[in-house]
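Hi everyone, thanks for making time.

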Amino acid sequence: NFLSVQAITVQGLSDADNAVVQTAIQDNLNHTPFYNPQRNLFFLSKSRVRQQVSSVPAVDAIESIRKDFGKKTLTITLKPKHELFLVRSTEQVFDIYNDGILKGQAGLNRDAWESVQNPSMIKIDLGGKVSNIQNGNQNQFFSKDTVNYMIKLQEALKGITGSPLAYFSIRIPQLKDQQAFLESQQQPVEDPTAASSTASQAADTTETPPTPEPQPAELPSVDVNLPINADELDLILQKGSDPKHTFKVIVDTKENPEQLVQRLNLLLSQTAPERYNVLSYIDLRIQSRAFVCLSGTACNH
């Protein structure tokens, strides 16, 4: 047919993703009746092309759609998505695109997640055992609002001197019970009979087999509705250069990120070094005040 599309060129993505986009457009045209004017390059709707291109998960934005009537060629230039969030649950680690869509499982385990130092990615700890996360390119893992807030907050936190962001911890209702459960498992449990047992060992020389250590209770699996919309966040900030020396800041995502960081920066600038070194957490959820908890105090138990 006169001016029918003879070739489709896709630019901007990886070779594999370019081929996926090209196939999606070509398949759509192939299923169009021969008498439909959309087969004609002149009448081909750009909105129709955009709809097909946007269905491919790797596409972040369409930069241009050009028609070359001389060569009967359609050329599409795209901007790719990139992996921005590295998310771990108690059992898995996931790669999440910059728009909050789940890419799939990451090529590392949960323990390796802790040692990842990649300034171009934001690490997030779900702090729970999630049962309904499915691997699939169309899954919206984080809501748009949560994605935008974390990106803005991460950028604003670059202005905090001496306390770089280590990772975010998501605070959502379905996982709060699990977070409390995990924290309770980390608390050392004192044996009330330990003192009397130690005293009696001096008089009793009879060897007794060691008592097996009690196994921690199994963490129940929780169904989390996707996409995740975080009303609150925990910011895990690093003290100085030691990645294992951290403190937590609890924030409400309704507060403007820049204003929140200003409040935090003011508080930290007025904190003496000896007090900073024993910071356990700071609660900033009330905008007019801040609650500070130090290690070894009642609020830390």
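A word on ground rules first. This is a predicted model, where local features need pLDDT of at least 70 and side-chain atom pairs count only at pLDDT 80 or more, while totals for chains, interfaces and linings use all residues. Residues are numbered from 1 along each chain as its sequence is written, and side-chain values use heavy atoms, leaving out hydrogens and water.

Okay, the overall picture. The protein has eight helices and 12 strands. Both are DSSP runs, numbered from the N terminus: helices are H or I with at least four residues, strands are E with at least two. Of its 301 residues, 40% are buried. Here, buried means under 20% relative accessible area, exposed means over 50%, and partly exposed is in between, using a 1.4 Å probe and protein chains only. The protein exposes about 17,500 Å², and carbon and sulfur atoms supply 50% of that. Those areas come from the Shrake-Rupley method with a 1.4 Å probe; for residues, only the protein chains shown count as cover.

What about contacts, meaning heavy atoms within 4.5 Å? Take the contacts with a separation of 6 or more: residues 24 or more positions apart account for 61% of them.

Now the inside. By nonpolar core I mean a set of buried Ala, Val, Leu, Ile, Met, Phe, Trp, Tyr and Cys residues joined through side-chain atoms within 4.5 Å. Which residues touch the most other members of the largest core? They are Phe85, Phe142 and Ile170, in a core of 39 residues. Helix α4 gives the most to this core, with five residues. Apart from it there's another core, of 17 residues, including Ile8 and Leu44.

Next, the rings. Rings of Phe, Tyr and Trp (for Trp, the six-membered ring) pair if their centres lie within 6.5 Å; planes under 30 degrees apart count as stacked, over 60 as edge-to-face, and the rest as tilted. How many aromatic pairs does the structure hold? Eight. In one of them, Phe42 and Phe43 have ring centres 5.2 Å apart and planes at 85°, so that pair is edge-to-face. Phe42 is exposed, at 53% relative accessible area.

Then there's Phe85 with Phe142. Their ring centres are 5.8 Å apart and the planes are at 70°, so this pair is edge-to-face. Phe85 lies in strand β4 (residues 83-88), and Phe142 is in the loop between β7 (122-125) and α4 (144-156), so the pair ties together parts 57 residues apart in sequence. Are these two buried or exposed? Phe85 is buried at 0% relative accessibility, and Phe142 is buried at 0% as well. Together with Phe94 and Phe141, they form one aromatic cluster.

Rings can also have a charge over them. The rule is that NZ of Lys or CZ of Arg is within 6 Å of the ring centre and within 35 degrees of the ring normal. The charged end of Lys123 sits over the ring of Trp113, 4.7 Å from its centre. Lys248 lies over the face of Tyr281, at 5.7 Å from the ring centre.

On to sulfur. A disulfide is a pair of cysteine sulfur atoms within 2.5 Å, and by that rule the count is one. It links Cys293 and Cys299, with the sulfur atoms 2.0 Å apart. The link is right-handed, with 105° about the S-S bond. Cys293 is buried at 0% relative accessibility, whereas Cys299 is partly exposed at 28%.

Arg88 is in strand β4 and is buried at 4% relative accessibility. Leaving out residues up to four places away in sequence, Arg88 touches a set of residues, among them Trp113, Glu114 and Asp125.

Lys72 is in the loop between β2 (59-68) and β3 (73-80), and is partly exposed at 25%.

Terms used
Contact = heavy atoms within 4.5 Å.
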